[in-house]
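Start with the structure itself.

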Amino acid sequence: MWSSRYSCTMSSGDSSGDAPELNPRVSVLSWDQVRRLDSILGESIPIHGRGNFPTLSVQPRHIVQVVRARLEERGVGVRDVKLNGSAASHVLHEDNGLGYKDLDLIFGLKLTDDKTFRVVKDVVLDCLVDFLPEGVCRERITALALKEAYVQKLVKVCNDTDRWSLISLSNNSGKNVELKFVDSLRRQFEFSVDSFQITLDSLLLFDRCSETAMSETFHPTVQGESMYGDFDEALGHLYSRTIATRSPEEIRGGGLLKYCHLLTRGFRPDSETQMKQMQRYMCSRFFIDFPDICVQQRKLEGYLQNHFVGMEHKRYECLVTLRRVVDESTVCLMGHERRQTLALISALALRVMAEQIAIPLCPTSPATTSLPPMSETSTSAIITWHRSSHPCLRATLIEHGFLAVEQ
């Protein structure tokens, strides 16, 4: 019943085995890791609708099976489906200090032309109808209405090196289901600790074909791969909370924010020399990709909103870290541009601090009112607001460089 590609392992599952042909990029998951993967794929994730649209309850394994089947019905073959990003890292090492929010699912396929891109989008929107609760009149719901109600982000990239699309389904707590359809993608990771991809095909085939429940001695062989290059080395970085990468000049601008996030979570580069080199590259790329101060503000606010759900107390620390890195490692900007970006980060950090400290105070406290909206905020305005509302914050502001001692 089982082909060599989708075989069942009889190993004890105590440790990850060696992949076929001794490929250093690939490793076979242990039994504990397969169980964690199975648990993630079976978890019901709410997809929240906007307006009057109801919440959908989606199991990752179910949406993968439905989308794959519909694509193949429309003549679009799927090579494989993989779990990517922080969820894959969580499967490999549960206590990695990162946790996971977004569920990144990669469908490998050929995106030959614009028509195929449209087919992918239409198929995903059509599949959402299957997850609508009973009693909803499905015939009157259009694809456009479904996109407006449930899709948080829709991306299409088509150039000489990259051909892929992304459809991100909304979740109010930040745990989005992200369906990525990839023909080619030059850079598939930022750092070694987020470079893992786990192939789901054998586990999904087991779901369909096996009448026997999984056990330590009877479960499908599931393979993981590190796009960083060496699987064991990357897994070692995950265990030791080490920041490492290859060709840092290729990391897009958002990598700077991920780097500061990792520092905030207790990850550290291997060496100071490596750290300084990485920081210079990432600062340069950040300002290439986000050259305008308004674009920078939107990027920073979006990152804070999407990556710190349930960990709001870490936002201030991340911004303080970002300000220090930009201040130390930016070499590509004119002086006034650099000062403008530092002022933006300072304003955001102070605003975040105000929000954090306001939470436990009584509702009548001046700390809970009159915080200026970000669009009207300057660093000096927030510092003035802090002085009047929170004299006790002065020492913290001085410590982190947001307020001079003589002030």
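C294 is partly exposed, at 45% relative accessibility. Here buried means under 20% relative accessible area, exposed over 50%, and partly exposed in between (1.4 Å probe, protein chains only). C209 is also partly exposed, with a relative accessible area of 38%.

This is a predicted model: local features need pLDDT of at least 70, side-chain atom pairs count only at pLDDT 80 or more, and totals for chains, interfaces and linings use all residues. Residues are numbered from 1 along each chain as its sequence is written, and side-chain values use heavy atoms, with hydrogens and water left out.

How many disulfides are there? The count is 0. A disulfide here is a pair of cysteine sulfur atoms within 2.5 Å.

Now the backbone. Most residues other than glycine have a negative phi.

| Residue | Phi | Place | Relative accessible area |

Helices (H or I, at least four residues) and strands (E, at least two) are DSSP runs, numbered from the N terminus.

R118 lies in helix α4, residues 114–130. R118 is partly exposed, at 48% relative accessibility.
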